[in-house]
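Thanks, everyone. I will show one model and go through a few of its contacts. Please look at the screen.

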Amino acid sequence: MALNIGGDVNSDAGLSKLNSFLESRSYVDGWTASQSDVAVFEGVAGKGPDAAKYPHARRWWNQIASYSPDERKKWAGVKKTLSDFGATSSGAPAAASKADDDDFDPFASDEEDDAEAEKAKAARVAAYQEKKSKKPALIAKSNVILDVKPWDDETDMKELENSVRKIESEGLKWGVSKLVPVGYGIKKLQIVCVVEDDKVSIDWLQEEIQANEDLVQSVDIAAFQKI
């Protein structure tokens, strides 16, 4: 499913759509960062989405912002615009560098070496420290693609997928899935999940899936990426 904002990406409706879209995805298009991410990122105004209201969009924004403009220019894909995602943008553009406040040096020397200058510098340092203290703590997460193989071509793949999605745990969220032919009429289930590293063990998750011995022959990790 392609991202379609359907309006101003900086509006509550626009950011809500972006947040929902990224709930089970690491990037705007595909499994790696691309020019699609750059286009949407540059359309998001100010310091990025509010972490409390749009946690998934904020997680994505923080990751894209961690790269410099020069690094982002080298990403794959053709340069796109917000209109390619049915979006417009109001407000100031997003941060162009890794982080705006990282560019600010609170200890830079002032031209006036008097009491007023020192007072102004102290105020800037205090404001900077307060801003840094309010930054939301980033939760270490991983985007994992699992290959779940059945015993044969007579296995009910819908039932198999339902059994996988019934596995619940704090810090585990299931995403999109598809059936991939492996030969002789047999298809495997390829399913995406996002896990919080401190809360969900991938080994545990594989064991839980394989516990359904009537349907599942094996579980392999097709792709693993920190986000």
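Which residue in β5 is the bridge partner of I145? The bridge partner is V192.

Before going further, a word on conventions. This is a predicted model, where local features need pLDDT of at least 70, side-chain atom pairs count only at pLDDT 80 or more, and totals for chains, interfaces and linings use all residues. Residues are numbered from 1 along each chain as its sequence is written, and side-chain values use heavy atoms, with hydrogens and water left out. Helices (H or I, at least four residues) and strands (E, at least two) are DSSP runs numbered from the N terminus.

Back to the sheet. Strand β3, residues 141–150, is joined by eight bridges to β5, residues 186–196, and the two run antiparallel. Nine bridges join β3 to β6, residues 216–226, again antiparallel. Strands pair if DSSP finds at least two bridges between them. On the β6 side, D147 stands opposite D220. Nine of the ten residues of β3 are buried, so the rest of the structure largely encloses this strand. Buried means under 20% relative accessible area, exposed over 50%, and partly exposed in between, with a 1.4 Å probe and protein chains only.

Next, the helices. α2, residues 35–43, and α3, residues 55–65, pack at about 105 degrees with their axes 11 Å apart. Axes are lines fitted to C-alpha atoms, for helices over the stretch in contact, and angles run from 0 to 180 degrees between N-to-C directions. The pair is therefore roughly perpendicular, the class for 65 to 115 degrees; under 35 is roughly parallel, over 145 roughly antiparallel, and the rest oblique. D37, V40 and F41 of α2 meet W60, W61, I64 and A65 of α3, with contact meaning heavy atoms within 4.5 Å.

Last, salt bridges: a side-chain nitrogen of Lys or Arg within 4 Å of a carboxyl oxygen of Asp or Glu. The count is nine. E23 and K173 form one, at 3.0 Å from N to O. E23 sits in the loop between α1 and α2 and K173 in strand β4, 150 residues apart. Both are partly exposed, E23 at 30% and K173 at 34%.

D197 pairs with K226, the closest N and O atoms being 2.8 Å apart. D197 is in the loop between β5 and α7 and K226 is in β6, so the pair ties together parts 29 residues apart in sequence.

K199 and E196 meet at 3.3 Å, N to O. E196 is buried at 16%, whereas K199 is partly exposed at 43%.
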